[in-house]
Amino acid sequence: MRTAYSVETVRTAERELMARLPEGALMQRAAAGLAAACADVLGRVYGGRVVLLIGSGDNGGDALYAGARLARRGAGVTALLLAPERTHAGGLAALRRAGGAAVARGDGFLGTARELIRRADLVVDGIVGIGGKGGLRPDAAPLAEYAADSRAVVVAVDLPSGVEADTGEVHGPAVRADLTVTFGTHKPGLLIDPAREYAGSVRLVDIGLDLPDAPELEALQHVDVAARLPAPGAESDKYRRGVVGIAAGSARYPGAAVLAVSGALRGGAGAVRYVGPAADAVISRFPEALVSDLGPARAGRVQAWVVGPGAGDDASAVAEVLEAEVPVLVDADGLRLADRATVRGRTAPTLLTPHAGEAAALLGVSRESVEGARLASVRELAARYGATVLLKGSTTLVADPGGGVVRVNPTGTAWLATAGSGDVLSGLAGSLLASGLSALDAGSVGAYLHGLAGRLAAEGAPVGAHDVAEAVRDAWRDVTG
């Protein structure tokens, strides 16, 4: 399980550790890890041209000490000092002792910086640390532009300068890194878009922080998913394994029903009951499905419901499903048809699965607002509806209504941006709900398998939702070994 902690939590852990260590020892640990990562990027350190972008905080100190280590190994290291009077004195002295150079901001600074960065093999971003707010200041923004336009590999120290550590939001110019070397723990902004796009690859350096058990974010890995996947036992039958009901599709969108059922059948449930106007299409594709035209309340025994994909404007099935005393997943058309007060009044778990556009409509904001503030948006939706919310997107987030840890899915791929892919996810996660997983686990495990299936199905080539559904089996095998 990868975890991420807030700036406040990290700062507290750093203070507690520094109180037990000799002065400067913690920064030296960070600098050693940063220098090792930079050396790996350079390959041959001797003769490499390294430029350090140095701000006023400890982030700049980490970069200066790392630069000194590289200089001692023969690299040509130059530090560009954005705030000369507030530069970390010890780090700058160490760099100069090792043979490195420094250029202070003043007349002609930007021209010199542009030329140094243009010729660099490696640029180290030590402008702003994890406590920074807002985009880069006007004096620093040009350096980020020069780095982006150069051929140099850009390495960010702890977090790309200009992005928000706690939220993943980006409010102005920011450094785009090829690699981010982060210390002690991941920060939320390294896992959530849009900031995640600025971070590049992320390398975690352990500096010995003692962190609490409850992080801000967690990202499941194969072992975590495998531990949560339902597996039949010797006494299992289809009811013990879980029966999921699917109320989806319409005369206009029968395919949504077929795709939701396909996802459900691959989600580990013992049986799938389908209710809706696409019964003929469903049964012709999946003869094992149990179909009914009597409505959700009279369809038979289920352990969970999925409602909404392709439902059009028919609110009756949504209302009927929300009255059921079993877990319910609401997706697509069901999200706008569901009464918020009814959702909040449910006693059984509810899982809402909007994409950014649907979330924006529910929140009464623009799609861009949701995409720019994913963490705040998923938490707000969960609180408003009293439900677990799975916010789909380039980084899929799952949040419970009571707050606490938010799950972020690491397996997403742009190949999943295809019609019907979300219907497959709904059926898959609904099946996991029926098997007994919590809404948080069903959403995050379903998203993990769905994303992995998209990767496996695509392998660099375009795919459709049907291909993604078929690849869920391969994803399941990949996870369980």
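Two strands count as paired if DSSP finds at least two bridges between them. In this predicted model, strand β11 (residues 271-275) and β12 meet that condition, pairing in the parallel sense over 3 bridges. Within this part of the structure, arginine 273 stands opposite leucine 290 in β12.

An open sheet is formed by 11 strands, and its order is β1-β9-β18-β17-β16-β15-β14-β13-β10-β11-β12. The pairing in the sheet is mixed. At the edges stand β1 (2-4) and β12 (290-292); each has a single partner strand, so one side of each is left without a neighbour in the sheet. From one strand to the next, the twist averages 20°.

The next element to find is helix α19, residues 439-458.

Two packed helices are described by the angle between their axes and the distance between the axes. For α19 and helix α20 (residues 465-480), the axes come within 7 Å and cross at roughly 110°. That angle falls in the range of 65 to 115 degrees, which makes α19 roughly perpendicular to α20. On the α19 side, the residues in contact include Tyr448, Leu449, Leu452 and Leu456. On the α20 side, they include Val468, Val472, Trp476 and Val479. By class, the residues of the contact of α19 with α20 divide into 12 nonpolar, 2 polar and 3 charged.

Now turn to the pockets. What is the volume of the second largest pocket? It is about 690 Å³. This pocket is lined by 29 residues, and nearest its centre lie His355, Lys392, Gly393, Leu416 and Ala417. The elements that give two or more residues to its lining are α15 (356-363), α16 (367-372), α18 (421-434) and α19. Of these, α18 gives the most, with 4 residues. The lining has 8 nonpolar, 14 polar and 7 charged residues.

The largest pocket holds about 860 Å³ of space. Its lining has 41 residues, of which Ser56, Gly57, Asp58, Asn59 and Gly129 lie nearest the centre. Two or more lining residues come from each of α1 (7-18), α2 (25-42) and α3 (58-72). The largest share, 5 residues, comes from α2. By class, the lining of the largest pocket has 16 nonpolar, 12 polar and 13 charged residues.

How values were computed. Residues are numbered from 1 along each chain as its sequence is written. This is a predicted model: local features need pLDDT of at least 70, side-chain atom pairs count only at pLDDT 80 or more; totals for chains, interfaces and linings use all residues. Side-chain values use heavy atoms; hydrogens and water are left out. On a 1 Å grid over the protein atoms alone, a cavity is a set of points where a 1.4 Å probe fits but cannot get out, and a pocket is an open set with protein on both sides within 12 Å along at least five of seven lines; lining residues have an atom within 4 Å of a point. Grid points are joined across faces, edges and corners, and a volume is the space filled by probe spheres set on the points. Ala, Val, Leu, Ile, Met, Phe, Trp, Tyr, Cys and Pro count as nonpolar, Asp, Glu, Lys and Arg as charged, and the others, Gly among them, as polar. Axes are lines fitted to C-alpha atoms, for helices over the stretch in contact, and angles run from 0 to 180 degrees between N-to-C directions. Angles under 35 degrees count as roughly parallel, over 145 as roughly antiparallel, 65 to 115 as roughly perpendicular and the rest as oblique. Contact means heavy atoms within 4.5 Å.
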